[in-house]
Amino acid sequence: MHTGKLIFAQLMGHLPPMVFERCVARYGGNRKVQSFTCMEQYLCMAFAQLTYRESLRDIEACLRSQTEKLYHLGIRGQVSRNTLANANATRDWRIYADFAQRLIGIARKLYINEPFGVDLANTAYALDSTTIDLSLSLFAWAPFRTTKAAVKMHTLLDLRGNIPSFIHISDGKLHDVNILDQLIAEAGAFYVMDRGYIDFQRLYRLHQAGSFFVTRAKRNMDAQRRYSHPTDRSTGVIYDQTLMLQGYQSAKDYPETFRGIRYKDPETGKRLAVHHQQYRTACLEHLCSVQGQMAGGVVFSLDQNAFARKGILWDLGKRKSSRKSGSPCRSTCSSPSSRSDSTYLAACTKCYRF
């Protein structure tokens, strides 16, 4: 005799049912449905995901093997693969997309105080994509290569809790950088990316929105050093410089200066070039520590094949409102060749603050 609740039912018990019903009503998911409702469809697909089912036939065989327990799982009728396939093909996918966004919002609140590994109060995201190979004969709508098809899953992962906050599935030919057009930039958030997302015009939009970004630099990046800042090599920082893009188009797309820091990971010996914008001297040590840990611990986990001397761009989104005036102090900020680096740093940082 069955006693207690099944584990799957206990997991599904954490879902907010009224939120799901509002999503269904918003898109008319249960309109003209007599038996297999949207909730039952969701439970079947959730069961398939949690138990690693590989096909509709596999889902049907697994659920029908325990018919007497389907009611306790929340499924009121017998599951047929044809019914499930028809529901997946005809019902509005936005029902489950909206419900997923609400679940993400609930989950992020649970991890808001989760330790991140660095002293960083801001939200940090990792943006990356993965290619899923498919059969060209079965998935002709997803072209990728001459002999095979594929889809790309672009994911924005909240690193505080490893919660995906944005997922977009495209055909295999869509370049990663195009996903930046679909993101809604969050002011004050850090976006960690690899070099596939380097497009200075799009990155400048993140900068203007008040967001920060971290990304590997390409080998052929044309940037000129404006001046250098003092560093403490015991912290792993090799150099600290302020740079400006020199290419005609790149300088036009990203007209701001940014700061370049080369950091050596003491554990792996890899050297990282981290770029961001200027801040006051008192904050340099803390800033370098955050940059080094994030670059070494996040970026290279996204791309393990990165060469040791590949650079990383880090834009910390200097806002015009954060300066005392609309432009640097021309009376004190002149060419670094006429004074020492420490004197020049002390003069220039008077114009900027957090």
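User: Which residues does Asp158 touch, not counting residues up to four places away in sequence?

Analyst: This is a predicted model. Contact here means heavy atoms within 4.5 Å. With residues up to four places away in sequence left out, Asp158 touches Arg108, Thr123, Ala124, Tyr125 and Ile163.

User: Is Asp158 buried or exposed?

Analyst: Asp158 lies in strand E2 (residues 149-158). Its relative accessible area is 4%. Buried means under 20% relative accessible area, so Asp158 is buried.

User: What is the length of the polar contact that joins the side chains of Asp158 and Arg108?

Analyst: Arg108 is among the residues that Asp158 touches. A polar contact is a pair of N or O atoms within 3.5 Å. The one joining the side chains of Asp158 and Arg108 is 3.0 Å.

User: How many aromatic pairs are there?

Analyst: Rings pair if their centres lie within 6.5 Å. By this rule the aromatic pairs come to twelve.

User: Are the rings of Phe8 and Phe47 stacked or edge-to-face?

Analyst: The ring centres of Phe8 and Phe47 are 5.6 Å apart. Their planes are at 85 degrees, and planes over 60 degrees apart count as edge-to-face. The pair of Phe8 and Phe47 is therefore edge-to-face.

User: How many residues apart in sequence are the parts that this pair ties together?

Analyst: Phe8 lies in helix H1 (residues 7-12). Phe47 lies in helix H3 (residues 38-50). The pair therefore ties together parts whose separation in sequence is 39 residues.

Technical notes. Residues numbered from 1 in each chain as written. Predicted model: local features only at pLDDT ≥ 70, side-chain atom pairs only at ≥ 80, totals over all residues. Heavy atoms only, no water. Phe/Tyr/Trp six-rings, centres within 6.5 Å; stacked < 30°, edge-to-face > 60°. Helix = DSSP H or I, 4+ residues; strand = E, 2+ residues; numbered from the N terminus. Buried < 20%, exposed > 50% of the residue type's maximum accessible area, 1.4 Å probe, protein only. Polar contact = N/O pair within 3.5 Å; in protein donor to acceptor, adjacent residues only side chain to side chain.
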